[in-house]
Amino acid sequence: MTKIPTEDRDRLENAFYLPMVLKVLERDQIVIEKSGVKLPRPYIELIEETMIAVQRELVTLKKYMRDHGMKVVKLKSDEAFTMYLFVYKGYEEQHNYFNPRIRNHVENLLRYYLIGRLKSMSPPSSGLIRS
């Protein structure tokens, strides 16, 4: 049983999800720049603005985590699972995540930051089962 409140656990998870979203956006920006798209600038601008929004969220998140004694460390990863250590106000918990579920949640976050934030939607919760 976890000692971490749901809201703070979501923040800890976003500490590894948001950098993944940024990585996807960076790669997609390179692909679009090198592609044969007739007018790439609007797509690149959308990606750049989205990256700025994610980076702002990440800065706010890191400050909150620092102020509240929270930290995330990636412990190990294989083809199926990735394990993270959550440090929360002196407590340590290991959480194992199924990689396809991580990918699906990163996709949901990407959809939110590209589309949903412009429609004032709420960001998706991970809904992942923790061990």
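**A guided tour of the sheet and its helices**

Begin by selecting strand β2, residues 81-88, in this predicted model. Eight bridges join β2 to β3, and these two strands run antiparallel. Within this pairing, select V87, which stands opposite E92 of β3.

Next, display the whole sheet. Three strands form this open sheet, in the order β1-β2-β3, with antiparallel pairing. Which strands lie at the edges? They are β1, residues 70-77, and β3, residues 91-98, each of which pairs on one side only. From one strand to the next, the twist averages 25°. In general, the strands of a sheet pair through backbone hydrogen bonds.

Turn now to the helices that pack on the sheet. Select residues 6-34, helix α1, which touches β1, β2 and β3. The direction of α1 makes about 130° with that of β2. Then select residues 99-114, helix α3, which also packs on the sheet and touches β1, β2 and β3. The direction of α3 makes about 90° with that of β3.

The next selection is helix α2, residues 41-67. Its 27 residues reach 39 Å from the first C-alpha to the last, close to the 39 Å expected at 1.5 Å a residue. Which residues of α2 are buried? They are I44, I47, T50, M51, A53, V54, L58, L61 and M65. An α-helix has 3.6 residues a turn, so residues three or four places apart point the same way.

Key
Residues numbered from 1 in each chain as written. Predicted model: local features only at pLDDT ≥ 70, side-chain atom pairs only at ≥ 80, totals over all residues. Heavy atoms only, no water. Pairing = 2+ DSSP bridges. Helix = DSSP H or I, 4+ residues; strand = E, 2+ residues; numbered from the N terminus. Axes fitted to C-alpha atoms, helices over the stretch in contact; angles between N-to-C directions. Contact = heavy atoms within 4.5 Å. Expected span 1.5 Å × (residues − 1). Buried < 20%, exposed > 50% of the residue type's maximum accessible area, 1.4 Å probe, protein only.
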